[in-house]
Amino acid sequence: MFVPSMLLKQLYTRASLTKRNKTVSFMLKNRLKDATIEELLFVTLDGKEIDPSKISLQIGAHKILSMAEVNQDGNIPFPLRDAVTVLMDIDEPISPEKRKLGISFRAAPFGKLKFEVEDNISSDDKPVTGIPRDPHDDYGQAIIKTRQQAFENFSGAKLDHVGKYSIDPQTLKGNIEHFIGVAQVPMGVAGPVVVNGEHAQGEFMIPMATTEGTLVASYNRGMKLLNASGGITATVIDDAMQRAPVFVFENARGARDFVKWVNENMGPIREHAESTSSVAKLTYIDNFLSNKFAFLRFNYKTGDAAGQNMVGRATFAACGWILDHYEGIKDFYLESNFATDKKASQINIMRTRGKRVVAEATIKREHLLDVMRVDPKQIDYHARVSAVGSFLSGVNNTGLHSPNGITAMFIATGQDVANVSESSAAIMYSELTEEGDLYLSLTIPSLIVATYGGGTGIGTQKECLQMMDCYGRDRCYKFAEIVGAVALAGEVSLASAISSSDWVSSHEQYGRNR
């Protein structure tokens with residue numbers, strides 16, 4: 001399996017070349033995918049090969065194997081995000097001068113890997129300051145207790161609640177660093193809600209984690225109303241996750257010619273991007289030219305993962321190939337802020353980021369009067385008045401509060417909550433039917449959700465996804481349809497409350513913690 005040199009060098013942990021007594025060491029961290037070390041071929045310093053008898057490998061907190069033992073075993077697990085330390089019994093001076101460090105080894109499924117980096121040898125005898133860490137077992141009970149004690153000593157506060165948890169810390173690699181405990185958020189349930197999707201079909205109970213009073217009750221009321229009129233039709237209409245590198249040239253013509261070359265070489269660019277993942281599929285590359293800069297917006301499908309890290313790795317590999325094959329690039333940055341990661345943006349509204357979902361329903365007039373005590377004409381008129389307010393404020397959401405329900409579901413199900421910044425965008429539309437009923441449609445153009453990977457597999461988060469049969473592979477579109485449906489239920493509930501002047505009284509009854 002081919003690994004671009006730029007990506008391969010990321011295995012080396014920067015500033016890890018250190019000396020303690022007469023041992024020089026450095027650390028490798030697996031940032032590619034689950035692997036097995038089969039053979040350690042050589043280690044070089046300034047081009048000179050180190051005597052194999054002086055090399056050993058530290059695996060985990062306590063296990064150290066000589067190079068001969070590593071090669072004899074030929075089956076050393078090297079999982080994604082794990083680290084190994086290469087130890088060399090050599091007496092080299094501590095110095096700020098850069099040294100050339102090289103290593104070659106065989107690892108499945110990659111085959112032979114070889115790279116060289118530059119780093120200086122620093123001292124490993126400095127007193128430990130800051131947050132206690134264990135580079136080989138940072139999720140073990142011993143180091144967790146050490147960190148908890150250090151935090152209590154520093155702050156004077158006690159971790160009576162934070163330190164109590166039911167999840168296994170060893171499952172949190174890749175989710176949290178410097179783990180000391182958990183934040184417990186109250187969780188309620190709303191529903192069932194009837195969803196008539198292409199992937200989500202039937203009734204679903206919805207877990208919602210929040211500290212905002214009336215939120216769960218309001219969404220539950222909206223679901224009751226929409227169920228009475230046959231439920232909510234939800235549709236995923238687009239799917240894309242981005243990384244947006246920028247390439248700098250001598251002038252505008254250089255940038256223009258580069259974009260033409262990129263379009264002509266989509267085949268190998270796609271091949272190198274997709275070689276980093278069995279899931280990521282590069283669908284197309286948008287290009288935007290400004291000044292002497294070429295902004296490329298790589299668009300991927302990422303399966304059931306949200307995919308930001310996945311597409312970052314894939315784009316890094318593709319850009320490595322581009323840099324090796326195109327002359328005239330003066331500078332390059334993997335992210336130009338054009339993917340607008342964790343930020344609301346107009347381009348996401350227009351071009352999609354994550355899943356683009358539409359939830360719609362036609363609500364019978366009699367049901368609105370019976371459940372919400374409001375006429376469809378009141379809500380429709382209120383929507384048109386609010387559209388003026390939306391325009392004046394420049395807001396990215398013409399509805400009322402879809403991020404409320406989205407955030408509560410994100411917290412409950414282990415989504416990256418910062419993605420609410422993109423997922424907060426929404427386009428609300430309403431009209432009165434000839435029968436006097438109310439048609440509502442909510443488009444969420446950049447809903448970033450996952451049912452696999454990230455925080456979705458942790459204890460309570462996994463259970464909440466399982467509650468909706470949305471955990472694991474081939475479930476992401478289903479979950480996106482449910483989230484869209486829930487958001488619509490919240491919109492009609494709050495719209496009804498405001499239109500009927502019931503909003504403040506509801507908060508007085510349910511939402512005041514006093």
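This section describes the fold, domains, aromatic contacts and backbone features of a predicted model.

The chain comprises 514 residues, of which 49% count as buried, and its secondary structure comes to 15 helices and 21 strands. Taken along the principal axes, the C-alpha atoms fill a box of roughly 85 × 60 × 35 Å. Among the contacts in the chain with a separation of 6 or more, 71% are accounted for by residues 24 or more positions apart.

The domain assignment divides the chain into domain 1 (5-123), domain 2 (136-180), domain 3 (187-238 + 347-511) and domain 4 (245-333). In an unreviewed UniProt entry, residues 7-122 are listed under "domain: Hydroxymethylglutaryl-CoA reductase-like"; in the model this span is 53% strand and 8% helix, and its end C-alpha atoms lie 25 Å apart. The centres of domain 3 and domain 4, taken over C-alpha atoms, are separated by 35 Å, and the contact between these two domains takes 18 residues from domain 3 and eleven residues from domain 4. The size of an interface is often given as the accessible area lost when the parts come together. For domain 3 and domain 4 the buried area is about 980 Å², with carbon and sulfur atoms giving 36% of that area. On the side of domain 3, I347, R351 and Y452 supply 38% of the area buried against domain 4, more than any other three residues. Y452 also takes part in a contact of another kind, in that R473 lies over the face of its ring, at 4.1 Å from the ring centre.

Aromatic pairing was examined next. With ring centres required to lie within 6.5 Å, the count comes to 15 aromatic pairs. In the pair formed by F293 and F295, the ring centres are 6.3 Å apart and the planes stand at 80°, so the arrangement is edge-to-face. The two partners fall into separate accessibility classes, F293 being partly exposed at a relative accessible area of 28% and F295 being buried at 17%, because the limit for a buried residue is under 20%. Furthermore, F247, F249, F258, W261, W321, Y326 and F332 form one aromatic cluster.

Two residues in loops illustrate buried positions. L172, in the loop between α3 (141-155) and β12 (187-197), is buried, with a relative accessible area of 4%. Residues up to four places away in sequence not being counted, L172 touches Y139, I167, F179 and I458. L172 and G457 are 285 residues apart in sequence, yet their C-alpha atoms are 9.2 Å apart in space. S424 is found in the loop between α12 (420-423) and β20 (427-432), where its relative accessibility of 13% places it among the buried residues. With the same exclusion of residues up to four places away, the contacts of S424 are N396, N397, S402 and P403.

Several backbone features were also noted. Most residues other than glycine have a negative phi, and most peptide bonds are trans. In the model, however, the peptide bond from A108 to P109 is cis, with omega near 10°, and P109 is found in the loop between β9 (99-108) and β10 (111-119). The peptide bond from G191 to P192 is likewise cis, with omega near 0°, although P192 has its place in strand β12. A positive phi, near 55°, is found for D46, which is located in the loop between β3 (35-45) and β4 (48-49) and counts as partly exposed at 42% relative accessibility. D474 also has a positive phi, near 60°; this residue lies in the loop between α13 (459-467) and α14 (476-499) and, at 69% relative accessibility, counts as exposed.

Methods
Residues numbered from 1 in each chain as written. Predicted model: local features only at pLDDT ≥ 70, side-chain atom pairs only at ≥ 80, totals over all residues. Heavy atoms only, no water. Phe/Tyr/Trp six-rings, centres within 6.5 Å; stacked < 30°, edge-to-face > 60°. Buried < 20%, exposed > 50% of the residue type's maximum accessible area, 1.4 Å probe, protein only. Lys NZ or Arg CZ within 6 Å of the ring centre and 35° of its normal. UniProt positions renumbered as here; feature names shortened; annotations may be inferred. Helix = DSSP H or I, 4+ residues; strand = E, 2+ residues; numbered from the N terminus. Domains from an automatic or database assignment. Contact = heavy atoms within 4.5 Å. Buried area = accessible area lost by both parts, 1.4 Å probe.
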